[in-house]
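Please examine the sequence and the structure shown below.

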Amino acid sequence: MKPSRERHRDKRPEAAHRQPAVAAAPLRPARREGALPAERLPLILEVLPNEDYALIDSGDGRKLEQYGPYRIVRPEGQAIWRPALPEKDWHKADAVFTGDTDEEGMGRWRFPQAPLGETWPMTHDGLHYLGRFTSFRHVGVFPEQATHWDHMAGLIAAAKRPVKVLNLFGYTGLASLVAARAGAEVTHVDASKKAIGWARENQEVARLTTRPIRWICEDAMKFAEREARRGSRYDIVLFDPPAYGRGPKGEVWQLFEDLPALTALCREILTPKPIAVVLTAYSIRASFFAIHALMRDAFAGMGGTVESGELVIREKTAGRALSTSLFSRWVA
Ligand SMILES: C[S@@+](CC[C@H](N)C(=O)[O-])C[C@H]1O[C@@H](n2cnc3c(N)ncnc32)[C@H](O)[C@@H]1O
C-alpha cells in the first residue's frame with residue numbers, strides 16, 4: 001500500500017505525467033542524521049495594539065478589532081470569556097461578519113454605520129496595503145504575523161548580502177512585501193489566482209513595483225519539488241499552510257499528511273548559507289511541541305536554533321492574550 005500522501009495526491013489528473021516526486025521529496029522523508037539544533041521554547045510572540053491595528057476587545061465567541069479606520073467584529077472560537085466593553089461599544093462597529101449566506105464576496109458582511117467598499121487603506125510600519133472584506137471572514141491580513149515580518153526584516157538587513165526569500169502559501173503578500181522592502185529578492189507562491197491578484201495590488205499600493213518579486217500561482221508542494229529538482233535555492237523560506245487547501249489544479253493539501261514532506265523540501269532548497277525557515281500553522285489540533293519536533297528533526301545537522309511557540313495578540317481593553325496560531329522557526 002502506498003504512503004498516504006501519494007494516495008491522495010495521485011488523484012490529481014497531472015500526477016501520471018509528473019516525474020515521480022520520490023527523488024526530490026520522499027513521501028516519508030528519511031530521518032536526518034546529525035545533532036538536533038538547539039531549542040528555545042516556549043516562545044510567545046505578541047502583537048501589541050498599535051496605530052494601524054488593535055484587538056480592542058474579545059469575548060462570547062467574538063472579537064472586536066481596529067483595522068486602520070474601521071472597527072470590525074468577527075467570530076472567534078477561542079474567546080470563551082466575557083467581553084470587557086459594554087455591548088453599546090460593540091454596536092459602534094463599522095463591519096460585522098455574519099457568514100449567513102453562501103454568497104461570494106462582501107455579501108457575508110453587514111455594515112451597521114454606512115455601506116463600505118470592498119477595500120480600505122492599511123499600513124504596517126510605514127508599508128501601505130489594502131484591508132479587504134472577503135467571503136471567508138478574513139480581512140486580507142493576519143496581523144499576528146507582524147512579529148515574524150519584523151524578525152525576518154531584521155535578518156535580511158543583518159545579512160549584508162543579497163538574500164533570496166521564498167514565501168509559500170503567501171496569501172495577500174504582506175510578508176513578501178516586507179521582505180522586498182528590506183532588500184530581498186522574493187518568490188511568492190499561492191494556489192489562488194485571486195490572492196495573487198490582491199498581492200500584486202498590494203505591491204502597487206506599497207509602491208514596491210520595482211522590487212524583485214516573482215508572483216507564482218501554483219501548488220506549494222509541487223513548486224517546492226520543482227525547485228529541489230532544478231537546484232533553485234533560497235536563504236529564507238516562509239510557509240504558512242492552512243489545515244486543508246487545494247492547489248490550482250485541484251491538488252489536495254492536508255497539513256497532517258503533507259507537512260513532513262514539505263518541511264523536508266524546505267531544508268533541501270536552502271542555500272549553503274541559509275538564514276531561517278519559518279513555519280506557522282493555523283486551526284490545527286496539535287501542540288507547538290509537534291511542529292517543534294518536526295522542525296528540529298528536519299534541521300538535524302544544520303546547527304542553529306529551533307524556536308517554537310504561539311503567535312498571540314494582546315487585547316487593548318482588558319489585556320488578555322488571544323492565541324491565533326502555532327509557529328516553529330529554524331534560525332541559523
Ligand atoms: C495564509 S494560508 C493559511 C493561513 C490562514 N491563516 C488560514 O488559516 O486560512 C492560506 C493561503 O494558502 C493558499 N493555499 C491553500 N492551499 C494551497 C496549496 N496547495 N498551494 C499553495 N497555496 C495554497 C490559499 O490560497 C491562501 O492564500
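## Helices, sheets and ligand

Helix α3 (residues 146-159) lies across β1, β12 (236-239), β15 (276-281) and β16, and runs at about 175° to β15. This is a predicted model, in which local features need pLDDT of at least 70 and side-chain atom pairs count only at pLDDT 80 or more, while totals for chains, interfaces and linings use all residues. Residues are numbered from 1 along each chain as its sequence is written. Helices (H or I, at least four residues) and strands (E, at least two) are DSSP runs, numbered from the N terminus. Axes are lines fitted to C-alpha atoms, for helices over the stretch in contact, and angles run from 0 to 180 degrees between N-to-C directions.

**The sheet of 8 strands**

- This open sheet has the strand order β1-β16-β17-β15-β12-β9-β10-β11, with mixed pairing; two strands pair if DSSP finds at least two bridges between them.
- β1 (38-47) and β11 (213-217) stand at the edges with a single partner strand each, so one side of each is left without a neighbour in the sheet.
- On average, neighbouring strands of this sheet are turned by 15° against each other, direction ignored.
- Strand β16 (residues 305-314) pairs with strand β17 (residues 321-331) in the antiparallel sense over 10 bridges. Gly309 stands opposite Phe327 in β17.
- Helix α5 (residues 193-205) lies across β10 and β11, and runs at about 165° to β11.

**The sheet of 5 strands**

- The order in this open sheet is β2-β3-β4-β5-β6, and the pairing is mixed.
- Its edges are β2 (53-59) and β6 (109-110), each with a single partner strand, so one side of each is left without a neighbour in the sheet.
- β2 and strand β3 (residues 62-67) run antiparallel and are joined by 6 bridges. The bridge partner of Asp57 in β3 is Leu64.
- The hairpin of β2 and β3 has 2 residues between the strands, and Asp60 takes a positive phi near 55° there.
- β3 is also joined by 6 bridges to strand β4 (residues 70-75), and these two run antiparallel. Tyr67 stands opposite Tyr70 in β4.
- In the hairpin of β3 and β4, again with 2 residues between the strands, Gly68 takes a positive phi near 60°.
- Strand β5 (residues 95-97) and β6 run antiparallel and are joined by 2 bridges. Val96 stands opposite Arg110 in β6.

**Helix packing**

- Two packed helices are described by the angle between their axes and the distance between the axes.
- The axes of α3 and helix α4 (residues 174-181) come within 9 Å and cross at roughly 25°. The two helices are therefore roughly parallel to each other; angles under 35 degrees count as roughly parallel, over 145 as roughly antiparallel, 65 to 115 as roughly perpendicular and the rest as oblique.
- α3 passes α4 in a right-handed crossing; a crossing is left-handed if the near helix is turned anticlockwise from the far one by less than a right angle, and right-handed if clockwise.
- Trp149, Met152, Ala153 and Ile156 of α3 make this contact with Leu174, Ala175, Val178 and Ala179 of α4; two residues are in contact if their C-beta atoms, placed from the backbone, lie within 7 Å.
- By class, the contact of α3 with α4 has 8 nonpolar, no polar and no charged residues. Ala, Val, Leu, Ile, Met, Phe, Trp, Tyr, Cys and Pro count as nonpolar, Asp, Glu, Lys and Arg as charged, and the others, Gly among them, as polar.
- Helix α6 (residues 220-230) and helix α7 (residues 255-268) pack at an angle of about 35°, with their axes 9 Å apart, and their crossing is left-handed.
- The contact of α6 with α7 has 7 nonpolar, no polar and 3 charged residues.
- The axes of α7 and helix α8 (residues 288-298) come within 10 Å and cross at roughly 40°; α7 and α8 are therefore oblique to each other.
- α7 passes α8 in a right-handed crossing. The contact is made by Leu259, Pro260, Thr263, Ala264 and Arg267 of α7 and Leu294, Met295 and Ala298 of α8.

**The surroundings of the ligand**

- The ligand is surrounded by 19 residues, and the closest are Phe169, Ala191, Ser192, Gly245 and Tyr282; a residue is near a molecule if its C-beta atom, placed from the backbone, lies within 6 Å of it.
- β10 (185-190) and β13 (244-246) each supply at least two residues of this shell.
- The shell around the ligand has 10 nonpolar, 4 polar and 5 charged residues.
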